[in-house]
Amino acid sequence: MADFSAYFTMKEADAVEYARAKLDVFPRDARLSCKEIGDGNLNYVFRLKDEETGKSIIIKQAGPVARLSDEFVVSPDRNRIEYDILALQNELAPGLVPAVYGYDPVMNCTVMEDLSEYVVMRKALLEHRIFPLFADHITTFMANTLLLTSDVVMNHKEKKERVKQFINPDLCEITEDLVYTEPFYDCPRNDIFEPTREFARRYLWEDESLQLETAKLKFEFMNHAQSLIHGDLHTGSIFVKADSTKVFDPEFAFYGPAGYDVGNVIANLIFAYANGLQTMPEGPEKAEYTGWLLETIRQVADKFQEKFLNLFHERATERTAKYPGFDKYYLGQIMKDTSAVAGLELCRRTLGIAGVKDLTTIEDAARRLEAEKLCLIAGKTFILRRSEIVTGDDYVKVIKESEALAITR
Ligand code: SR1
Ligand code: MG
């Protein structure tokens with residue numbers, strides 16, 4: 001039997017042993033069940049339950065390579081980053097992330113709250129379910145975590161210590177490759193739906209002006225230590241239920257451009273929109289669902305800005321940040337990055353190795369092609385016109401225009 005004094009990747013039975021040997025959560029003689037429930041690209045997630053009391057916890061372990069492909073060798077230290085940031089985010093945005101109970105630097109695992117009564121948002125959106133409070137919750141999470149970790153509010157030396165604490169080279173490299181580079185040329189590692197290939201070539205890969213913009217954005221991502229970002233804030237990293245939202249899986253966190261998180265949320269709502277458009281039968285349910293998504297996108301852009309400015313005025317400590325006009329200038333830069341990142345995410349999930357079910361599960365080939373064209377047209381527009389796309393209305397206008405263009409191009 002393992003004594004867990006040396007790292008190995010656990011199976012379900014090992015996780016039960018681990019809980020008995022290392023955690024003070026369940027009685028010694030508890031009848032524990034365990035299921036590995038991870039469906040992400042990287043980690044192993046064990047749900048342990050005491051069959052008598054119903055009490056349950058999650059043990060999340062980082063493996064030495066990604067589940068998606070062992071081409072990605074990723075330091076298990078990302079588990080420490082995940083534990084540290086969840087603890088911090090729980091202070092900055094109380095109730096909007098799972099509670100963490102402990103971290104084991106040998107086994108590279110974190111013990112956290114089980115959120116079984118929630119559902120992963122991407123799954124819920126594939127079932128075309130509506131969450132009216134989501135925009136309010138996610139904008140509070142982003143305004144708080146992004147502003148309160150920045151130089152606008154923090155002591156600058158303490159902030160620089162945080163930059164060190166959250167340095168995350170392996171996972172940043174994945175983003176630099178998968179988000180900023182590979183989707184914009186005919187990279188062998190891309191995973192392209194064949195009917196979309198010709199459009200990708202003509203519309204993206206042959207456009208040198210687009211490539212230049214992606215290069216500028218990549219250098220911005222690598223060099224702008226603005227806020228402690230989640231770094232992978234797609235709908236697979238968010239748990240939802242009717243009255244509550246919890247953001248999880250922040251292993252890509254590091255000090256980067258604040259707009260990265262906001263852009264990811266918007267892009268992933270657009271995937272859900274494209275799915276609803278192409279898979280739901282015409283009628284009031286489809287109108288309600290797609291209408292809710294457009295309204296949510298509008299609110300994410302607008303409420304984020306409103307909350308960010310209010311918090312800026314309440315909490316700014318840096319003298320120069322309080323000069324009249326700096327607040328709007330600073331937010332303007334974030335919104336420019338938001339538009340660009342929404343565009344990058346739309347392109348990379350459509351063409352790159354880490355696709356999204358919103359697109360890949362559209363069974364009808366012609367409809368999937370139309371959904372993917374919508375994403376690529378909107379994606380390119382968000383990148384190239386990032387200085388002009390600021391408000392919720394701006395986002396909705398681009399989506400509707402792209403929807404119309406996807407039919408004709
Ligand atoms: C090798 S990891 C691929 C993708 O999965 C994660 O969730 C990130 O989005 C990453 O880009
Ligand atoms: Mg993830």
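These exercises work through salt bridges in a predicted model.

**Exercise 1.** Find where Lys60 and Asp249 lie in the chain, and decide whether each is buried or exposed.

*Solution.* 
- Step 1: check the contact. The two side chains form a salt bridge, with 2.3 Å from N to O.
- Step 2: Lys60 sits in strand β3 (residues 56-62), and Asp249 sits in the loop between β9 (244-247) and β10 (254-256). They are 189 residues apart, so the bridge links distant parts of the chain.
- Step 3: apply the cut-off. Buried means under 20% relative accessible area. Lys60 has 5%, so Lys60 is buried. Asp249 has 14%, so Asp249 is buried.

**Exercise 2.** Locate the salt-bridge partners Glu213 and Arg386, and classify both as buried or exposed.

*Solution.* 
- Step 1: the N to O distance of this salt bridge is 2.7 Å.
- Step 2: Glu213 belongs to helix α8 (residues 208-223). Arg386 belongs to the loop between α13 (365-384) and α14 (392-408). The separation is 173 residues.
- Step 3: both residues are buried.

**Exercise 3.** Which parts of the chain does the pair Asp232 and Arg349 tie together?

*Solution.* 
- Step 1: the closest N and O atoms are 3.6 Å apart. The cut-off is within 4 Å, so the pair counts as a salt bridge.
- Step 2: Asp232 lies in the loop between β7 (227-229) and β8 (238-241), and Arg349 in helix α11 (residues 326-351). The pair therefore ties together parts 117 residues apart in sequence.
- Step 3: Asp232 is buried at 11% relative accessibility. Arg349 is buried at 6%.

Notes. Residues numbered from 1 in each chain as written. Chains lettered and ligands numbered in written order. Predicted model: local features only at pLDDT ≥ 70, side-chain atom pairs only at ≥ 80, totals over all residues. Heavy atoms only, no water. Helix = DSSP H or I, 4+ residues; strand = E, 2+ residues; numbered from the N terminus. Buried < 20%, exposed > 50% of the residue type's maximum accessible area, 1.4 Å probe, protein only.
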